[in-house]
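Hi,

Here's the structure I promised to pass along.

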Amino acid sequence: MTTQLHTVEKIGGTSMTNYEAVRDNIIIGNRGKDELYQRIFVVSAYAGVTNELLEHKKTGEPGVYALFADAESDWAWGDDLSKLVRLLIDINGEMFEDSMLKQQADQFITDRVEGVRGCLIDLQRLCSYGQFQLEEHLLTVREMLAGIGEAHSAFNITLKLQQEGINARFVDLTGWRDAGLLPLDEKLKQAFDAVDLSRELPIATGYAQCKEGLMRTFDRGYSEMTFSRVAVITEAREAVIHKEYHLSSADPNIVGADKVVPLGRTNYDVADQLANLGMEAIHPRAGKGLRQNDIPLRVMNAFEPEHTGTLITKDYVSEKPQVEIIAGAKGIFAIEVFDQDMQGEPGSDRKILDVLTRFKVRFVSKDTNANTITHYVSTTLKHVKRVVNALKETFPNAEVNTRKVALVSAIGSDIKVPGILARSVKAMADADISVLALHQCMRQVDIQFVIDEDNYKATIVALHAALIEPHNHEYAIASAEQCALD
């Protein structure tokens, strides 16, 4: 395989639902026939399909997996699987006008789903015996179900491209009926060693079955890890993520599309801060592999193919200190432990972290003083109640309080701007927004403001107006020029 010539590109689920846009803007664009190759595509499931397979990412509404894992829903999962088949076949109907191609696509996905159904029936029967525990197999079930979505979308787009004269190749990484498990890197090397990138366009599934078990660590972020490792293993010159929007200075739906600008350039440190807020340009662990191997990551808008997007590199620092993006997270719970006996007693923070780890609760930020430690966590109310009960047992003399808040950050590769904190607080005060807490690290890449959830949008608007909009024009020009040079 020729190295340092090709790109590895990921297409998200929302973009995948619009085949014509993917074909015209991403696959073909303004390329001639000989320029279509030297690219590897890693695709997600169609929008909403993984929610139906597992559970809804935001609402928690159960999908096939959640129903199967629920001991009380004996056959509800089977009915849900039948509903899923109809959904996938309906998607095929929208994609394929040719009846022969539609029949081929329907047969492929029906075989997959019915194969999984038979497997789950057998597993359910096996676990009716006391010697076999369903819990021990649930992660495998989750991975097997997740793989259906990516196999469906990758097979379909390969079929369509082949029909249109492009030498696309379906690369199935889901492990369907594979005899054994390989480590992820070995599996990817084996899969792509067989591909001639100079004349084939591989379309790979975002889910890859491997010995490590991607969902054990990344859960719904598995496709980004597959994408990252494909780029590393094949020694790509650049990794590209195609989204349905630009990586911009703020959410255009909140601030207004006329006021935001694409970032143009930033670094992996900023990408980590965004991921911490749940606004992932890329999963931090996936970004780590790209960063360590010095592979640039470009985030493109799938519907603006002429735009150079935002280039993320390891060593980039803005030419002058400035805030690059205002981002935030709602639905954050502040868990405050106040204990006057804590003063002078080391180890209290470790005990709190042990409790959060036990319940697999991720914290976004924290603050401390002499006798109070507050963790800002992104989780459900059910988990918060469990954490609070455990903390009361661990600290019997403490007051444990919770409050639902929002967190908004001003982020940049270098925000060492004199007076930036004063300007930020003044902008919020002028908008009649109270700051509940704030955090600014010496590294000078972000300032975090904790506010009432009702003030979330107003805070983003106020900070964007004060810290970014005065420089929008010069910032957009500088970013575009620098990105074009790179």
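This is a predicted model: local features need pLDDT of at least 70, side-chain atom pairs count only at pLDDT 80 or more; totals for chains, interfaces and linings use all residues.

Residues are numbered from 1 along each chain as its sequence is written, and side-chain values use heavy atoms, with hydrogens and water left out.

Searching the whole structure gives 6 aromatic pairs (rings of Phe, Tyr and Trp, using the six-membered ring of Trp, with centres within 6.5 Å; planes under 30 degrees apart are stacked, over 60 edge-to-face, the rest tilted). One of them is Phe 68 with Trp 77, edge-to-face at 5.3 Å centre to centre and 85 degrees between the planes. Both residues, Phe 68 and Trp 77, are buried (buried is under 20% relative accessible area, exposed over 50%, partly exposed in between, with a 1.4 Å probe and protein chains only). Together with Trp 75, Phe 68 and Trp 77 make one aromatic cluster.

Another edge-to-face pair is Phe 155 and Phe 170, at 5.7 Å and 85 degrees. Phe 155 sits in helix 7 (residues 138–163) and Phe 170 in strand 3 (residues 168–171), so the pair ties together parts 15 residues apart in sequence (helices, H or I, of at least four residues and strands, E, of at least two are DSSP runs, numbered from the N terminus). Phe 155 is buried at 14%, while Phe 170 is partly exposed at 24%.

Finally, Lys 314 lies in the loop between strand 8 (310–313) and strand 9 (325–338), and is partly exposed at 37% relative accessible area.

Cheers
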